[in-house]
Amino acid sequence: MAETTLAPPEVQAETLLDSNELVLNMGPQHPSTHGVLRVILKLDGETVLGTDCVIGYLHRGVEKIAENRTFQQFAPYVDRMDYVAAVSNGLGYCMAVEKLLDAEVPPRAQAVRVILTELNRIASHLLWLGTHALDIGAITPVFLCFREREEVLKIFENYCGARLTTHAFRIGGLQYETYDTFEKQCLDLCDLMEQKLKEYHDLLTGNRIWVRRTKGVGILNAADCKDYGVTGPLIRAAGIEWDLRKAQPYCGYENYDFDIPTAETGDTFDRYMVRMEEMVQSCRIIRQAVDALPEGPIKGKVGKVIKPPPGEAYVSIEAPKGELGYYIVSDGSLNPYRVRVRPPSFVNLGALDKMCRGSLVADVVAIIGTIDIVLGEVDR
Amino acid sequence: MEQLLANPYVPPLILTAVIILVFPLIAGYIVLAERKVLADLQVRLGPMRVGPYGVLQPLADALKLMLKEDVIPSQSDKWIFWLAPVLSTFTALSAFAVLPLSDRFFVADVNIGILFILAMSSIGALGLILGGWSANSKYSLMGSLRAAAQMVSYEVPLGFATVTAIMCAGTLSMQGVIASQLERGVWGAFDNYGLMLIPTVLFIIAGTAETNRAPFDLPEAESELVAGFHTEYSGFRWALFFLAEYAAIVVISSLCVTLFFGGWLRPFPNVAALEMPLNTLFPAALFALIALGCSKGVFRQALAGFRLVMAALTGLFLLVGAAFALPVANELMIGLFWFAFKLAAMVYLFIWYRGTFPRFRYDQLMDVGWRWLIPISMFGLILNGVVQLFARG
């Protein structure tokens with residue numbers, strides 16, 4: 001390594017002794033930046049004066065790749081964006097292409113899609129809960145959460161062979177029919193989750209240290225949420241009942257009876273409670289969908305060669321992390337002309353600075369955890 | 001030989017050498033116990049690869065740490081960087097000198113033993129501060145700043161709780177404290193009509209903070225400061241810090257056991273009827289149970305070598321259990337047994353904390369320390385003083 005040249009003594013004395021802010025480089029290799037996020041913190045002691053996010057360490061040019069792939073070929077790539085919620089990514093993409101094609105998706109496929117995306121929401125929230133608790137210093141919940149997440153992944157594995165990047169859906173419906181014990185496994189999982197959520201509440205919700213670490217931390221109120229375009233559990237924790245499953249129902253969500261959990265203040269504790277409640281609601285949806293699972297074909301009339309007419313489509317769905325949008329432009333060829341993704345993690349991450357200012361270093365990791373980012377999606 | 005042992009300097013020196021040689025191994029096994037207990041709390045198995053059920057893991061870890069490259073950051077203050085872990089380990093091990101391991105095993109029974117332990121643990125904090133400062137890394141610096149603030153804040157309630165116990169016992173000598181508990185026929189924790197429970201609880205809380213254990217592990221808060229003060233340390237130097245941390249845990253736990261839980265005395269030392277069941281049956285049965293557990297491993301392990309290890313452990317524990325039935329051996333070991341037993345319970349408590357609690361935030365830590373623990377500990381001191389003055393014979 002080259003020798004670092006030090007400043008002359010008088011300059012050194014000035015810079016070392018005066019009370020300038022401390023610039024702390026957090027990441028891209030840091031235990032709790034959830035991958036390769038880099039946050040440059042300006043600190044006064046332990047108080048955060050400002051943050052600067054550096055992203056792009058995981059940039060793979062997914063949107064550009066789309067332009068050189070056919071519509072079907074690109075579908076597995078979307079799983080690699082938010083790899084924690086791959087099913088939701090797939091759903092959004094398939095729905096966007098179906099909108100371009102004006103294709104009809106049979107009701108059975110719709111219902112299975114709902115079941116799988118809700119299962120995925122539970123898996124995603126479980127991963128969030130475990131890592132979030134780990135960031136705040138509780139090391140046990142992460143193992144418990146992974147134990148339950150494993151049950152969800154088993155269902156995915158049985159259904160399509162993959163656990164993480166599932167590529168569960170196809171344009172126009174589903175590739176595979178459900179397996180024999182699919183319904184039973186889903187219902188068992190709902191029972192299990194309701195039982196285990198109590199365990200998490202026992203471990204965290206009533207814990208005074210947990211409450212003190214999360215209450216009043218990283219407040220993002222309703223007005224700020226709108227300003228920053230923040231969606232998902234963050235905006236719901238601020239008191240706005242905004243959920244695309246209710247606001248602009250897709251996939252037959254209008255047929256299911258479920259609540260949108262909201263909270264008041266929009267702090268870390270509220271977001272925690274909202275996500276915990278969302279898992280309960282997901283279980284409710286899964287139960288209803290399994291009970292009323294219609295018979296019939298699993299794939300609509302979509303040709304082997306997908307060649308949508310020229311035009312554009314924007315479809316957004318409620319992914320576990322917020323509004324996930326796909327904007328696809330077709331020029332009538334086999335490949336999309338342009339694919340643009342509106343990733344919830346990326347947009348929500350924009351509010352990090354607002355949430356961090358004035359808090360302490362320990363809060364920064366709590367706030368990064370509560371935004372629930374996946375760097376694969378932020379950087380694409 | 002007898003002449004040699006009669007020399008007042010020889011037995012303490014032998015014991016000192018034994019402690020210094022054996023403690024790293026014990027610390028290694030405390031780490032293994034911690035990993036196993038945490039694993040049990042977290043629905044997993046813990047180390048299972050090195051030796052049967054991972055029983056040889058500490059040896060493998062020690063070997064690995066010793067063989068690692070010795071890295072000193074080029075921008076660091078090299079001498080202080082070198083000195084810091086040595087200082088931490090030295091002070092932590094020095095405190096062992098006054099620990100009353102049993103009625104006959106102790107290096108020295110100094111009349112200011114408790115003061116000596118508190119002084120040593122305070123100097124130990126200096127090691128953390130120097131280590132964090134000398135590394136010239138921002139994470140280390142913040143870790144050591146936190147360590148300094150935490151030590152200053154939590155030494156006060158720890159001191160008050162200790163003073164209350166000393167007041168109750170009337171002596172600063174570790175053996176003296178135990179003798180007074182024997183004389184009064186009640187553990188320090190339940191003395192003064194149960195009012196001593198206040199300093200007991202405070203001592204355990206402040207002791208956890210003093211040893212930088214979860215939920216007070218801010219100086220090395222892994223998810224915030226990477227590794228805090230020892231971010232830049234690796235290999236053997238890091239191992240020294242680790243050794244110091246576990247030595248500090250043992251010392252603080254020992255102090256707690258001695259002050260509040262009767263040290264090496266068996267429970268209810270004044271009830272003669274319990275002598276046989278507690279001093280002979282209980283340890284023998286405990287070791288027999290451990291041996292039974294190990295014997296299962298003899299049949300379950302697939303590798304012949306692993307079976308041999310499990311068989312050896314079974315034999316060892318049976319032998320120890322049987323030794324408690326021999327009056328001569330029993331008399332020699334029983335104090336050590338009870339001390340170790342209570343110590344293990346304390347260490348288990350520390351591990352349990354770690355598996356359960358999230359970490360405090362810096363300002364909350366200060367808040368708890370200054371606004372709650374210190375006033376309560378002062379109140380406990382005054383209350384116990386008044387009770388002792390008027391209500392106690």
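In chain A, residues 24 or more positions apart account for 69% of the contacts with a separation of 6 or more; two residues are in contact if their C-beta atoms, placed from the backbone, lie within 7 Å. The model is predicted: local features need pLDDT of at least 70, side-chain atom pairs count only at pLDDT 80 or more, and totals for chains, interfaces and linings use all residues. Residues are numbered from 1 along each chain as its sequence is written, while chains are lettered from A and ligands numbered from 1 in the order in which they are written.

Chain A has 16 helices and eight strands. These are DSSP runs numbered from the N terminus, with at least four residues for helices (H or I) and at least two for strands (E). A compact globule of 380 residues would have a radius of gyration near 21 Å, and the 22 Å of chain A agrees with this. The radius is taken over C-alpha atoms, and the globule rule is 2.2 Å times the number of residues to the power 0.38. Along the principal axes, the C-alpha atoms of chain A fill a box of roughly 80 × 50 × 40 Å.

Chain A holds an open sheet of three strands in the order β6-β7-β8, with antiparallel pairing. Strands pair if DSSP finds at least two bridges between them. β6 (311-319) and β8 (336-342) of chain A stand at the edges with a single partner strand each, so one side of each lacks a neighbour in the sheet. The twist averages 15° from one strand to the next. Nine bridges join β6(A) to β7 (residues 322-330) of chain A. A:E318 stands opposite A:E323 in β7(A). Helix α4 (residues 86-101) of chain A lies across β6 and β7 of chain A, at about 150° to β6(A). Axes are lines fitted to C-alpha atoms, for helices over the stretch in contact, and angles run from 0 to 180 degrees between N-to-C directions.

Chain B is divided into domain 1 (1-67) and domain 2 (74-265 + 326-390), with bounds from an automatic or database domain assignment. Their C-alpha centres lie 20 Å apart. In chain B, 17 residues of domain 1 are in contact with 17 residues of domain 2. On the domain 1 side, α2 (10-41) and α3 (57-67) of chain B each give two or more residues. The largest share, 14 residues, comes from α2(B).

Between the chains, 23 residues of chain B are in contact with 27 residues of chain A. α9 (222-225), α13 (327-356) and α14 (362-390) of chain B each give two or more residues to the chain B side.
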